[in-house]
Structures are given as C-alpha cells and as structure tokens.
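Subject: A structure to look through

Hi,

Here is the structure I promised to pass on. Please open it beside this email and follow along as you read.

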Amino acid sequence: MMWDEEKETMSREDIRELQLKKLQSTVKRAFDKIPYYNKKYTEYGVFPEDIETLKDIEKLPLLTKDDLRECYPFGLFAVDKKEIVEVHSSSGTTGKPVVSGYTRKDMDSWAEIIARGLKMMGLDEDDIIQNTHGYGLFTGGFGVHYGALKLGATIVPISTGQTRRQIEIMKDFGTTCLIFTPSYGLYLGEVAKEEGIDPKDLPLKAIGFGAEMWTEEIRQRVEETFDTKAYNIYGLTELMGPGVGLECSAQNGLHIAEDYFYPEIIDSETGKTLEEGQHGELVLTNLEREGMPVIRFRTKDITALHYEKCECGRTFTRMERITGRADDMIKVKGVAVFPSQIEKALLKVSDVEPHYQIIVTRPDIMDEIEIKVEASESLFFDGVKEMMNIKNKIAEYIESEIGLRVKVTLVEPKSIPRTTKGKVQRVIDKRNLH
C-alpha cells in the first residue's frame, strides 16, 4: 500500500536530481536568512555557489546540538516569527533546550510524511489509531496525530499514562493501531492480562513504536503479546519529529523520505563520510523546511544506509534500526558497550522478562556492571538451583556479546520501575566520572 506511488518509487537518478536542487535552495536560504549559518559558512570559506553536486555537501560544517542551543530560542528561524505556527522543544536536560519552529507548509509536510508511513503499516481512513505518545513541547504525539488526520483515520489522542483507561478504550473503541514506546507497550500487555483481557483478542492491525532503543527480540515480544506486526518509527525534534524514517511491511529497515531529508553516515571520530552499508553516525539535512532549515545535523545515532530497491517496491533509502548512540555508550574497562547489546543477549534466555536495568559502579579502581533482570513468575517456583543456572546462562550470553563478565541479579517480577511517560531508564551509572 502506497500513499504517493509516483514519489515513493522514483528512480535513484531522479531522487538525487531532486535532492540536489532542494539542497542548493536550502543552503542559499540558510546563508541569506540566518546569520548563524552565514557566519559559520563564511568562517569555513564555503558559500552556496560551492554546492554543485550532492557530494559537495561534505564541504559544509557539521551541526550539533550545541550549535542549536547557541541559537536558543529563535536564532535558526529563516522566517519572521509571525510565520511560525507551532513550536516544539527538547527537554533541555543537558543544557538549554533545542527549539524547533514550523510554518504552515512545514506542518503540512510533516503530516504528509507520517501519512505515508501509516499507509506503509497497512492503515487507511477506516482505522482507529490510539496514540500513547506524549502531547506537549515534546514532538512525540504530534507527528502521528497530524499524519492520522491527513490519512483520514480516527485518532484517539490519549497520550501517556492512564494505563487501565488505555486498555478500556482499546477494547471499547475497537482500536486497530497502537502507537507506543516498546517498554510501555509491554507494560500495557502486562496490565491487560491483569485485567483479564488477552491482548491478542483486540482487533489490532498494526503497532507503531519507537522513541527508545530496542532489539529484534523486543519487537518479537511485542508482536507475540498483541498478535500483530510492530513497525519502527524514527524521528528527532531537531529535524521535524517522528517520521524521518518509517518502516514498511518488509520490516527490513526504515524508509527515509528522501524528498524531504538527505541522509549521510559518518565516522564519529573523523567526520569522514562512509559508504553504503557501513555503520556509523547518522547525519541529516532538511531539504524543504521553511521555518528552520537544519543542515548536516549530527544525530549521534548509529546505523547504516541501504539504497537498493525494497521488496515493498519503494526506492527511498532504508535505514537500519538504531543500534546505539555515539554519545551514550557505556565505556567499561576500556570497552565500549551499548545497552542494546546487553538486551540482545539477555533476551535470548527464557524464563526472564524484557524488563531490566544496567547498573555501572566503580567500587575501587575497576568498573563493574550489574544487570538486574526480572525473572518470570514460574522461575521463582523452580528453586535456587534453576535460578543459578539461568543467571549463569545470562552472564555467558552477555560476555559473548560484549567481551566482559558481568554480575547478573534476578529480581522479582514487576519490581523494576515501569514508565508511563516516555522512555524507560535502562542505564544507571553510579560512577563519578567527572
């Protein structure tokens, strides 16, 4: 199912020709309208007329969150403030927040991109979409909301929390699509069973999920819980919000809307652009945003790009699931460890639940990792010997995955804090690293 087959099946040559025209226009607008870009590009000795090919984008400096914060709140707007019809912002937990401004045209583009993605998931105007993502300055809930309206579907903007109410509405309204973070989705499934409702009996056609790191094992748990396919959604406030990448029926990577975004993969250490299929840091450029052009933004997300035609028929590049962050990895005993590696390892073991915490400490001069993972209820009745066997198995799988021996602690079911308000906290770093 396609929303706009002509655009979604363009040839690679036509895609690149379109991208170049839009890139040249975007760079010129940013240079002419935004003093920050003008100053930075002038310092680098690069000017709009230097962008003659797509490869020339590499002449432009990379943009970081620090750059965006330096322009707080409206320093990167390319239009008069009266043309900005909506503003969103990041949480600002590590400094000043990042502000994202949208014109009416930008809002229409956002809705268009999400409508494409919902169509990829097999949805249409007959569907009822229950959106558990947050509404507010965070962009999470709004992209799906606008896309659902564009699609013509019915949107239930329940936002986060109210878990038992969520389940009641799913049952009473006949929800056909759920939007959630993976951790909250699994929690919804748990609570539904407590309420005597089998999630598999709900009339769900599709699940859209994202906003936090996950593994294929987690996807399988979600799909088994709700007996339907779960599709990945990727986005970030700086570029637009949810919808930069959306997964099709093949579930083999997220299609980036290349008529709206230009993706690159770079080596995080050197900044060098990497080839197709190589894993590195994703860099994104808005190609059509009026209110706030963002050019060569370092997302810090680790992935790879693939350009061959997808089995679904679409030709837009496919981005692999995010496997880590260039800036939130745990470095332990000189080894770089991503939480997703640990999750992948422990979810290979039966009799444990997909709820865990990674606790990093430095009791003396050496780092230590403890993995707290919930055991299944049945495991607690199997005796100490069986629990020791499971703990040892988890430790072995993790050591095989990351090359480090870790301490594994099995805890009671439902003892690890859940989240009803966004992303779950997987890592607790108790080291004093400053």
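**Salt bridges**

Glu-194 and Arg-164 form a salt bridge, with their closest N and O atoms 3.1 Å apart. By salt bridge I mean a side-chain nitrogen of Lys or Arg within 4 Å of a carboxyl oxygen of Asp or Glu. This pair links distant parts of the chain, 30 residues apart: Glu-194 is in helix H8 (residues 182-194) and Arg-164 is in helix H7 (residues 163-173). Helices (H or I, at least four residues) and strands (E, at least two) are DSSP runs, numbered from the N terminus.

Before going further, please note that this is a predicted model: local features need pLDDT of at least 70, side-chain atom pairs count only at pLDDT 80 or more, and totals for chains, interfaces and linings use all residues. Residues are numbered from 1 along each chain as its sequence is written, and side-chain values use heavy atoms, with hydrogens and water left out.

Back to the pair. Glu-194 is partly exposed at 40% relative accessibility, and Arg-164 is partly exposed too, at 44%. Here buried means under 20% relative accessible area, exposed means over 50%, and partly exposed is in between (1.4 Å probe, protein chains only). Arg-164 and Glu-194 also belong to a network of salt bridges with Glu-195 and Lys-414.

The count for the structure comes to 25 salt bridges. Another one joins Glu-112 and Lys-150, at 4.0 Å from N to O. Glu-112 lies in helix H5 (residues 104-120) and Lys-150 in helix H6 (residues 140-151), so this pair ties together parts that are 38 residues apart in sequence. Glu-112 is buried, at 13% relative accessibility, while Lys-150 is partly exposed at 40%.

An α-helix has 3.6 residues a turn, so residues three or four places apart point the same way. Arg-69 is buried at 15% relative accessibility, whereas Asp-66 is exposed at 54%.

**Helix H7**

Which residues of H7 are buried? They are Thr-163, Gln-166, Ile-167, Ile-169 and Met-170. Seen down the axis of H7, these residues fall within an arc of 160° (taken from the directions from the helix axis to the C-beta atoms), so they line one face of the helix. On the other side of H7, Lys-171 and Asp-172 are exposed.

What do the buried residues of H7 pack against? Their partners are strand S3 (128-131), strand S4 (154-156), strand S5 (177-180), H8 and helix H9 (216-226). Contact here means heavy atoms within 4.5 Å. After H7 comes Gly-174, which has a positive phi, near 75°.

**A buried loop residue**

Thr-237 sits in the loop between strand S7 (230-236) and strand S8 (241-247). Thr-237 is buried, with a relative accessible area of 9%. Leaving aside neighbours within four places in sequence, Thr-237 is in contact with Ser-89, Ser-90, Ser-100, Tyr-102, Thr-139 and Arg-289.

**Cavities**

On a 1 Å grid over the protein atoms alone, a cavity is a set of points where a 1.4 Å probe fits but cannot get out, and lining residues have an atom within 4 Å of a point. Grid points are joined across faces, edges and corners, and a volume is the space filled by probe spheres set on the points.

How many cavities of 30 Å³ or more does a search of the whole structure find? It finds six. The largest cavity holds about 100 Å³ of space, and its lining includes Tyr-102 and Arg-289, both of them contacts of Thr-237. H5 gives the largest share of this lining, three residues. The lining divides into seven nonpolar, two polar and three charged residues. For these classes, Ala, Val, Leu, Ile, Met, Phe, Trp, Tyr, Cys and Pro count as nonpolar, Asp, Glu, Lys and Arg as charged, and the others, Gly among them, as polar.

Happy exploring!

Key. 1 Å grid on protein atoms, 1.4 Å probe; cavity = no way out; pocket = protein on both sides within 12 Å on 5 of 7 lines; lining within 4 Å.
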